Amino acid sequence: MADYFEELGCEPIEADQTESHQLLLMVRFLQQNGFFADELSAEQLPPPASKQVVSELPERHVGPTDERCAICIKPNADRPEENGIFLELPCKHRFHRTCILPWLEKTNSCPLCRHELKTDDENYEAQKKFRQRAAQREQEIDDLHNSMYG
């Protein structure tokens with residue numbers, strides 16, 4: 001029967017290395033739990049929406065009195081240059097192309113509901129995933145607590 005270290009393909013730690021190994025384990029634990037994630041926890045302004053996502057937004061044709069743009073608050077009849085074409089965001093809110101494109105060049109969210117679109121900024125996307133995982137962990141802890149004591 002093979003021993004534990006042979007099965008894992010590693011060697012036991014020498015007695016004089018245990019202190020530094022324990023320190024490395026503690027640093028790894030802190031990194032995995034976000035204690036050194038200054039760039040991930042620091043709040044930054046949202047970057048512009050991804051150019052690819054913006055270019056793939058579907059166009060919707062609406063009648064002259066069917067819908068108003070929430071940005072310019074004008075019906076289509078007052079904006080004949082738009083030809084009744086609205087861009088639809090993933091959250092289903094619609095805006096004139098000339099109204100929403102400058103907005104999406106500055107920020108990645110819907111002006112009405114703040115639904116976030118994907119960005120080209122890798123650091124911001126990592127920060128967003130980090131926040132989502134933290135919220136999910138909190139929810140899981142609450143669910144576990146409620147299942148045990150609720």
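**Entry 1: terms and ground rules**

I call a residue buried when its relative accessible area is under 20%, exposed when it is over 50%, and partly exposed in between, using a 1.4 Å probe and protein chains only. By that rule arginine 114 is exposed, because its relative accessible area is 51%. I note that this is a predicted model, in which local features need pLDDT of at least 70 and side-chain atom pairs count only at pLDDT 80 or more, while totals for chains, interfaces and linings use all residues. Residues are numbered from 1 along each chain as its sequence is written, and side-chain values use heavy atoms, with hydrogens and water left out.

**Entry 2: the chain as a whole**

I looked up the elements and found six helices and three strands in the protein chain, where helices (H or I, at least four residues) and strands (E, at least two) are DSSP runs, numbered from the N terminus. Read from the N terminus on, their order is α-α-α-α-β-β-β-α-α. The protein chain has 150 residues, of which 25% are buried. I also looked at contacts (heavy atoms within 4.5 Å): among those between residues at least 6 apart in sequence, 51% join residues at least 24 apart.

For confidence I used pLDDT, the predictor's own score for each residue, from 0 to 100. The average for the protein chain is 82, and 83% of the residues score at least 70. Which elements have the lowest and the highest mean pLDDT? Helix α3 (residues 38-41) has the lowest, at 52, and helix α4 (residues 51-55) has the highest, at 93. I remind myself that where pLDDT is low, the predicted coordinates should not be read in detail.

**Entry 3: the nonpolar core**

A nonpolar core is a set of buried Ala, Val, Leu, Ile, Met, Phe, Trp, Tyr and Cys residues joined through side-chain atoms within 4.5 Å. The largest one here has 14 residues, and those touching the most other members are Ala49, Leu57, Cys69, Leu89, Phe95, Ile100 and Leu104. Both β2 (85-88) and α5 supply at least two residues of this core, and the largest share, three residues, comes from α5. In general, nonpolar side chains tend to be buried together in soluble globular proteins.

I then followed leucine 89, which, leaving aside neighbours within four places in sequence, is in contact with Leu57, Phe95, Ile100, Leu104, Cys110, Pro111 and Leu117.

Where does threonine 119 lie? I found threonine 119 in the loop between α5 (97-104) and α6 (122-149). Is threonine 119 buried or exposed? Threonine 119 counts as buried, because its relative accessibility is 4%.

The side chain of threonine 119 makes a polar contact with the side chain of glutamate 125 at 2.8 Å; a polar contact is a pair of N or O atoms within 3.5 Å, where, within protein, one must be able to donate a hydrogen and the other to accept it, and residues adjacent in sequence count only if both atoms are side-chain atoms. Not counting residues up to four places away in sequence, threonine 119 touches Pro47, Pro48, Ala49, Ser50, Asn108, Tyr124 and Glu125.

On a 1 Å grid over the protein atoms alone, where a 1.4 Å probe fits, a pocket is an open set of points with protein on both sides within 12 Å along at least five of seven lines, and lining residues have an atom within 4 Å of a point. The volume of the largest pocket is about 170 Å³, and α4 and α5 each supply at least two residues of its lining.

**Entry 4: two loop residues with positive phi**

Lysine 92 is in the loop between β2 and β3 (94-96), and has a positive phi of about 75 degrees although it is not a glycine. Lysine 92 is exposed, because its relative accessible area is 59%. Arginine 114 sits in the loop between α5 and α6, and its phi is near 65 degrees, again a positive value in a residue other than glycine.

Terms used. Grid points are joined across faces, edges and corners, and a volume is the space filled by probe spheres set on the points.
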